[in-house]
Amino acid sequence: MSKNIAVLVGSLRKDSFSKAVAKNLSKLFPADFNLEVIEIGDLPLYNQDYDDLDQVPAAYTTFREKMQTMDAVLFVTPEYNRSVPAVLKNALDVGSRPYGASVWDNKPAEIVSVSPGAISGFGANHHLRQSLVFLNMPTVQQPEAYIGNVMNLLDDNGDVNNPDTIGFFQAIVDAFVALIKRY
Ligand code: FNR
């Protein structure tokens, strides 16, 4: 049976390394997995007052309805100040409410952190993992996906060509696909 996989990228930057990594990973899924990048940059900052049904921003409703159609979530994110970029945390918060109607509950997830640096977004990876525990998202444990020194992995078109890197990306995807199939 085909699966719908949401791709959430924690960078809005036009030439984002994280976007490029997400694109390369997306190509490695089985043909019956439909990958779709979900835009999160237009979501107003979460305000609990918006849970009042008269005030829900249209972008929230669009996002929540879209996410309800998804079977799993691939998170690809840079690290900002050793944590998750605000735009991605905001999307998590928006999707988690109103209370009892979270779009995240029980959806399998994969976390891939991306950085030009050697620490490879470890802080963002694990802060995000902490939220996903609370949101009840079964998340791939191994292989851990820390993509460091990312500018050395991408060519001018943002493609990965090194066979070792492609092999590692495939291992990340395979572990995620196996987890999704268990749910
Ligand atoms: C960064 N960057 C960064 N990198 C890192 O490895 N750890 C960090 O804590 C931070 N902190 C940080 C804060 C802010 C506000 C910015 C703008 C940047 C650098 C970051 O990894 C780099 O800009 C990446 O290129 C961002 O990812 P995208 O946009 O290329 O996907």
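Helices (H or I, at least four residues) and strands (E, at least two) are taken here as DSSP runs, numbered from the N terminus. On this basis the protein chain has five helices and five strands, which follow one another along the sequence in the pattern β-α-β-α-β-α-β-α-β-α. With a radius of gyration of 16 Å, taken over C-alpha atoms, close to the 16 Å that the globule rule (2.2 Å times the number of residues to the power 0.38) gives for 183 residues, the protein chain is as compact as a globular protein of that length.

The structure is a predicted model, in which local features need pLDDT of at least 70 and side-chain atom pairs count only at pLDDT 80 or more, while totals for chains, interfaces and linings use all residues. Residues are numbered from 1 along each chain as its sequence is written. The mean pLDDT (the predictor's confidence in each residue, from 0 to 100) of the protein chain is 97, with 100% of its residues at 70 or more, and the model scores ipTM 0.99 and pTM 0.98.

Strand β1 (residues 3-9) pairs in the parallel sense with strand β2 (residues 33-37) over five bridges, pairing being assigned if DSSP finds at least two bridges between two strands. Within this pair, Asn4 stands opposite Asn34 in β2.

Around the ligand there are 16 residues, counted as near if the C-beta atom, placed from the backbone, lies within 6 Å of the molecule; the closest are Ser11, Ser16, Ser18, Pro78 and Ser115.
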